[in-house]
Amino acid sequence: MQKAAMASLIPQLNFTPASISIPPPSIKKSQKTITKISQNPTTLQESLSSFTKRLDFSIPTTKPLDDAYALVLDHGATQKSLSIGKQIHAHISKRNNVYDLVFLCTKLVFMYAKCGSLLDAEDLFDEMLERSVFTYNAMFGAYVTTGDPSKAIELYAYMRLSGVPADAHTCSCVLKACSGVGDIYCGREIHGYAVKLGLVSNDIVVNSLVSVYARCDDLNAAELLFNRSASGDVVLWNLMISAYAANGMGKEALRVFREMQNAAVIPTTYTFVAALQACNELLSGVQIHAFVLKSGLSFDRYVANALVVMYSKCSRINEAARIFIDIGDRDNVFWNSMLAAYVQNGLYDKSLDLFREIIRAGQQPDQVSIISVLSACGRSGNLLNGMEIHAFALKNEMELDLQVGNTIVDMYAKCSKTCFMDSAFRRIPLKDYISWTTVIAGYVQNYCHTKALQSFRDALVEGIDIDKMMIESLLLACRTLKCISIVKEIHGYITRRELSDIILQNTVVDVYGECGEVDYARNFFKLIEIKNVVSWTTMVACYVHNGLADEALELSYHMVKAGIELDSIAILSILSAAANLSALRKGKEIHAFVVRRCLHLGDSIASSLVDMYASCGAVEKSYKVFNSIKNKDLVLWTSMINAYGMHGQGVKAIELFRKMESENLLPDHVTFLALLFACSHSSLVDEGKTIFNAMQFQYDMEPWPEHYACLVDLLGRANCLEEAFELVKSMKTEPTSVVWCALLGACKTHRNMEIGEIAARNLLEIDPENPGNYVLISNMYAAAERWEDVEQLRMRMKVKKLKKDPGCSWIEVKNKVHTFITRDRSHPESDEIYEKLSQIIEKLKSDGGYTAETSYVLHNVDEREKVKMLHGHSERLALAYGLLTTPHRTPIRVTKNLRVCGDCHTFTKLLSKFYEREIVVRDANRFHHFRDGVCSCGDFW
């Protein structure tokens, strides 16, 4: 019956001693051989030899061959010799001298599983009429080892229904399957079953339970089992250390490692590997390294590999390299760890040298090696070497590997070769979401924002799962393109798919802010449940970017009140808001905060402080900050030069530039822009020309349109209009609106209608949607009393629905910013302000001989109305409020969004003299420091 059952399992095969690759023993040696049959063979060759002798010298009908079959199958499984295993299977099917068929079938299932022939194992298992727990265990092992753990769990359920009792090995195998698929529910069921069977004291079962709980992120259960176990089994300690390390709980992992040392449990290679993975600080890593040396495992390849990774993570690349050099027996994993160490620490050239060394050593680089070295080429922008590695991947048939293909796409993106990137992307046969995310990010990085949007649409058509990184790249594309409609679509998409996390939410706020949709940004910000410092900072930056500095400062108060710890980016945003409002007191508070918290005055914070103090009219404090920094970078030097320029101190700006040159620091375009701006507001015509020429011929820099605009402004202010016009015509590129604006402003000042009309015509052709351009042209016509032309321009503005920005001034009093617009009566103390203003006007008329200069009112109205309009200018309201609310002889600081008119300039000079106040006014052009009836601008602005 057994023979018939076996015969049905596989086709009949001719199996004789001669068919096995081991020749039968000779007759002369038969006696010696018989005496050795009883000894257990230790290799496949010996077991086959023993088996063939049994075939020659045993009687099949009376002496079963179970033990001989089993030995051959065991050794065949060990050496993964599938062909020998199948021959034994056929031989078992043909002969009837088998005592325990279930036992041998179980051995066959085990052999097939070990040899990777899962289908043969399944077929044999399905045909078995009787199965033991060992048969099931063999099948469980087959599924787990061949990477199909879900089938092991299904088979376990069938086994339980069949009533076959489990043993410790069953629990261990199925728990491994649960770990593989993260099935904690099945793991808990087996835990309960193991308790019922009394197996929870079994080391193998406990270890497997700890492993499954750790893999399923239930560390509390894992730790409870670990603490309850009285076993000193090193495997259990290793599992617990590894579990903590894998879940980012390095301190807990190292605590268990120290407890293990105290318990006198001897660590293994795996112990040290797991403990080193948990090290996030150099000191812990060095201590474990010392323990490794004492344990004599320093030359173990796996421990050495873990040491290399640890030192790399701690940025100690030299120590990592020394360990690498000391190990002679290097496998691909070890080479790759050292490659990755160089890449992670920014030593890209060394990573390329090591890659060449791998090839010289006769080692074949694998996909991981290629990925590391391609990353090095991408990060360093090394296109030539990147193309060489790409060619190497092609030659070795690795380009079609998905991860390698994605890295090639990323490398070309970082090297700004979008055509090569696109080609590499198209060659990937089966693209995943990472492929699409990489190519979309590549387009965004290289300013191909329209292509990024098109690629996203293609990804949707292909049915690709959209991840958060892809959406973030897409939002950055919309940020640049100002595609608010697409931003709203993406907003809706992430809301419907519930893809939002804090990073994505912050990005949405940022993009709305960049697109000028402050209300959307504010509303979305309010919906963020748990705001971090980035959320608050992004919203502050949104307000600053959209000219709502007052709201930005107000939000910063709430930010501090909410207990948010300000970081350097938050500080920069708040300083920018304080600078925009000229809110000196708020700026000082932030500076004090930086000092109190002992925050490092890095280059960016120092530069922002210099700019903030300069924007608040305190240029001497700007210089104090500048002077306190020992190692000044170019941005800091440029900020200080710009600070002097804003305050009309052009000579000091040039002197500082010469000092910068003496320290062998090369200027950039922005530095020269700050210098030309300083010359323009200090009437340094010759010096400005010299600097402009030096930029081109000494430093070999092509001027930007902004540089031409500064020089045109400088020449125009000096009434060198013909020279300024010739400069515009000599530009290598088409003049921009900024250049024509500068020329037009000079023409208006000096009443040159001929050049002015040319500038006006070009300005409206280039930038017809800017209301400021129409206002400037209208003012030029009004100054020449060409009222019909003025009316025509105003009608054009009305048709285009363009509105002039109203004059607006603000003043900071008692840590609050008060805003005024022209002829404003919205302030709570409006009556007192206008009464004070009337008193000031009368005093200046009687004591200073002030008379309103109505020529600065560019409206076709009568003289009385012009005087009223002048007296209602916003800066005068701010000055009156300053005199009302600040102590006598303290400085008054006012900021205005437009240029101060000539009459207000005269009015403020007289006010500073007769009220004994220092007055600092920041208008759209520059700073004016009024003291004792004199302005720092020398009436040149």
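Tutor: Let us start with how elements are named: helices (H or I, at least four residues) and strands (E, at least two) are DSSP runs, numbered from the N terminus. This is a predicted model, in which local features need pLDDT of at least 70 and side-chain atom pairs count only at pLDDT 80 or more, whereas totals for chains, interfaces and linings use all residues. Residues are numbered from 1 along each chain as its sequence is written, and side-chain values use heavy atoms, with hydrogens and water left out.

Student: Which helix holds H491?

Tutor: H491 lies in helix 29, residues 484–496.

Student: Is H491 buried or exposed?

Tutor: H491 counts as buried because its relative accessible area is 19%. Buried means under 20% relative accessible area, exposed over 50%, and partly exposed in between, with a 1.4 Å probe and protein chains only.

Student: What does H491 touch?

Tutor: Not counting residues up to four places away in sequence, H491 touches Y512 and F524. Contact here means heavy atoms within 4.5 Å.

Student: Why does S778 count as buried?

Tutor: S778 counts as buried because its relative accessibility is 5%. The residue sits in helix 46, residues 771–783. Leaving aside neighbours within four places in sequence, S778 is in contact with V790, L793 and R794.

Student: And where is T638?

Tutor: T638 is in helix 38, residues 634–646. With a relative accessible area of 8%, T638 is buried. Its contacts, leaving aside neighbours within four places in sequence, are V670, T671 and A674. The C-alpha atoms of T638 and R258 are separated by 54 Å, and these two residues are 380 apart along the chain.

Student: On to the cores. How many residues has the largest nonpolar core?

Tutor: The largest nonpolar core has 279 residues. A nonpolar core is a set of buried Ala, Val, Leu, Ile, Met, Phe, Trp, Tyr and Cys residues joined through side-chain atoms within 4.5 Å. The residues with the most contacts inside the largest core are M139, F140, I288, M338, I370, I471 and L743.

Student: What surrounds M338?

Tutor: M338 touches V308, I317, A320, A321, F324 and L354, not counting residues up to four places away in sequence.

Student: How do strand 1 and strand 2 pair?

Tutor: Strand 1, residues 808–813, pairs with strand 2 in the antiparallel sense over 6 bridges. C808 stands opposite I821 in strand 2. The hairpin of these strands has 2 residues between them, and K814 takes a positive phi near 50° there.

Student: And strand 4 with strand 5?

Tutor: Strand 4 (residues 919–922) and strand 5 (residues 927–931) run antiparallel and are joined by 4 bridges. R922 stands opposite F927 in strand 5.

Student: How many cavities of 30 Å³ or more are there?

Tutor: The count comes to 2 cavities of 30 Å³ or more. On a 1 Å grid over the protein atoms alone, a cavity is a set of points where a 1.4 Å probe fits but cannot get out, and a pocket is an open set with protein on both sides within 12 Å along at least five of seven lines; lining residues have an atom within 4 Å of a point. Grid points are joined across faces, edges and corners, and a volume is the space filled by probe spheres set on the points.

Student: What lines the second largest cavity?

Tutor: Its lining includes S582, S615, R922 and F927. Strand 3 (892–896) and strand 4 each supply at least two residues of that lining. The second largest cavity has a volume of about 30 Å³.

Student: What about the largest cavity's volume?

Tutor: The largest cavity has a volume of about 50 Å³. Helix 24 (402–414) and helix 25 (418–427) each supply at least two residues of its lining.

How values were computed. Two strands pair if DSSP finds at least two bridges between them.
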